Structure formats: C-alpha cells, structure tokens
Amino acid sequence: MRELIQGAYDLHVHTAPDVLPRRLDDFEMAQRVMDSGMAGFAMKSHYFCTGERAAMTRKLYPECDAVGTITLNGSVGGINPAAVEMAARAGTKLVWFPTSDSAHEQNLTLGGDRNPDKKLPYWAQVVLQMREEGIDNPVIRVVGEDGRLTEATHQVLEVIARHKMILATSHLSHEETFALVRAAKEHRVEHIIITHVDFPTTFYTVEEQMELLRCGAYMEHCFVTYNSGKVDFEVVLEQIRAIGASHIILSTDLGQKTGIYPDEGLEQFVTSLYDRGISEGDIKKMTSHNQRILLGKA
C-alpha cells in the first residue's frame, strides 16, 4: 500500500558511502524517496557526521529532505561537545549517542559471555580488526564511576538544546538512558527518541516506555528488528497499541547490503500494521506527523 508512506520520513537509514557495506548510497536513497512519495530520510553512519552529505543531497535532490546525523562513537571523539557543535553548525539535525562503542553494546556483543559460534555484526568485526592492529577504540560510557552523567555528556546536552537538535539514545543501557533522558529535560532538550525500543539489547517494557514518555520522548520501532526475527511482530503491535501513535515513530534501520530498500521496508511495515487494525491516521502520525514535530517542521 504505497499510499501509506506518502509524506513519510525514515529517520534511521544506513546509506553509503560508509565503512560498512551498504545497499545504496545517499543519492539513490533520495531518488527512491521522491519516487515513492516519501518526504525525506536521515542518513546514519556509526562513524562519521553526515551533515555535509545531507546538504549535498538536498542540493541535488531538493524534493527530498535529507537529514544529517552524528553518532558519538570513538571515531568522532565519543561524547565530544566540539564535534556536536560543529555538526550543528553544518546543519546536522540528529545526535545519536554511542552505538557500537557503547559500553553496554560492547559488553553484550563482545564480552566474555558471548556465544563464540554466533556470527558477529559487521561493526563488531571492525572493532576486533582494529584491536588486532593495535588501534585503541574506546569503550564509551555516559555515566561515570560515581553513578552520575559525565561532564562531557552535560555539555553535549547543552549543545543539543541550544541548536534544537534531536537526541537519540542509541545502544545505551537502561541505567544510562533514564539518566540521560532526565538530564536532557533539565537542559531543555525538546526532541528525544528512544532508539528501537524492542531491540533485544535495548528492550524496554511498556511500563518503562511510559516513564520515558513522561519526559517527552518518542519511542522508535524499526522494521529490521522484527523482520530479522529479533522480536515477534505481536510484541511490536502490542507496544504500539499500548503507547499510542502520538508518541511513536516508525523507522526501518535498513541499508544493509543483503536487505531490501528502505522505502520497501517502510511500506511493508505500515501495511502489516494496517492489516492488523492500525488506522491510516495513526500510521500517518507515526511516519510523518511526529517526525515533522521532531524536525521542527510541524
């Protein structure tokens, strides 16, 4: 049902050029956005700011609202206020907290208790390769040994608030996420996304989501999570119904070399929801209206 994604944004797309293999590049995605009737997409890299790439994409494809992002992994200095400030000045709209370099994600994926027979994600393979080459890739925490948010984290929140950027919690632990979101509200950060709330390493119960919602956060559900079998679609449906469309955004997290195109994934996602009784109006809230609020376009 192509009409269900008219005017939609996908704020979680992995496009090339990138360190990891990708299904399509920025320009191909922009063309697909326009061809499908979508409004725009956010280009995510685990390693680089994409603000400049987004600006070039908007110039070449003005009918596609390409959104630049930055992820606070080691390659940009981790929790680095200067990097976020420069990203903001370059027009970057969305700040992802650590993903692959998060202490929580590293412990779960590369810790001593991991299954040695389980295939590692590409990012984890990169981390191990760097270790073998003697390159130090920092493990990043937003909460210090004293149990408080680090000073650098507070400084980053100030930058996000001043530039009216979007904060995305990424692959932090629950302890870190709750501390970060509460502090974000104190710093007057207006726009917050709890990244893929149903992903195994970041799974939030409905009760936990309700608590985060009271801080003004939006809950993100991604197509890849259920499509890859990491969570049952019934769980996704249950959470969406419990939280309500006004506080949810739908994304794909697509761009992997072996995956389908993001616009196809979003269409499949919303069609499945529609077939299970989610109204067209609620789908529009979760794919367009809420994203426009986050981007300051509502």
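This is a predicted model: local features need pLDDT of at least 70, side-chain atom pairs count only at pLDDT 80 or more; totals for chains, interfaces and linings use all residues.

Visitor: Why is D263 called buried?
Guide: Its relative accessible area is 1%. Buried means under 20%, exposed means over 50%, and partly exposed is in between (1.4 Å probe, protein chains only). Residues are numbered from 1 along each chain as its sequence is written, and side-chain values use heavy atoms, with hydrogens and water left out.

Visitor: What makes D263 and R32 a salt bridge?
Guide: Their side chains meet at 2.7 Å, N to O. The term asks for a side-chain nitrogen of Lys or Arg within 4 Å of a carboxyl oxygen of Asp or Glu, so the pair qualifies. D263 lies in helix 11 and R32 in helix 1, so the bridge ties together parts that are 231 residues apart in sequence. R32 has a relative accessibility of 23%, so it counts as partly exposed.

Visitor: How many salt bridges does a search of the whole structure find?
Guide: The search finds 12. Another is formed by R162 and E85, at 2.6 Å, N to O. That pair links distant parts of the chain, with R162 in helix 6 (residues 151–162) and E85 in helix 3 (residues 81–89), 77 residues apart. R162 is exposed at 52% relative accessible area, whereas E85 is buried at 10%. Where bridges share partners, they join R2, R32, D263, E264 and E267 into one network.

Visitor: Why are the buried residues of helix 1 said to line one face?
Guide: The buried residues of helix 1 are D26, M29, A30, V33 and S36. Seen down the axis, they fall within an arc of 135°, so they line one face of the helix. The arc is that of the directions from the helix axis to the C-beta atoms. An α-helix has 3.6 residues a turn, so residues three or four places apart point the same way. The cover over these buried residues includes strand 1 (9–13), strand 2 (40–43), helix 2 (51–60) and helix 11 (262–275). Helices (H or I, at least four residues) and strands (E, at least two) are DSSP runs, numbered from the N terminus.

Visitor: What makes F27 part of a surface patch?
Guide: F27 is in helix 1 (residues 26–36) and is partly exposed, with a relative accessible area of 33%. Patches are made of residues with over 30% relative accessible area and no salt bridge, where like charges are joined within 9 Å and nonpolar side chains (Val, Leu, Ile, Met, Phe, Trp, Tyr) within 5 Å. F27, M56 and L60 make a nonpolar one of about 280 Å², the accessible areas coming from the Shrake-Rupley method.

Visitor: Which residues touch the most other members of the largest nonpolar core?
Guide: They are F97 and I160, in a core of 74 residues. Such a core is a set of buried Ala, Val, Leu, Ile, Met, Phe, Trp, Tyr and Cys residues joined through side-chain atoms within 4.5 Å. Leaving aside neighbours within four places in sequence, I160 is in contact (heavy atoms within 4.5 Å) with V84, V95, F97, M165, L167 and V189. A second, separate core of 14 residues includes L94, I166, A168 and L295.

Visitor: Why is M286 called buried?
Guide: M286, in helix 12 (residues 280–294), has 0% relative accessibility and so counts as buried. Beyond four places in sequence, its contacts include I240, A245, I248 and L273.

Visitor: What makes T225 buried?
Guide: T225, in helix 9 (residues 223–227), has a relative accessible area of 0%, so it is buried. Its contacts beyond four places in sequence are H196, D198, F199, P200, K230 and V231.

Terms used. Accessible areas come from the Shrake-Rupley method with a 1.4 Å probe; for residues, only the protein chains shown count as cover.
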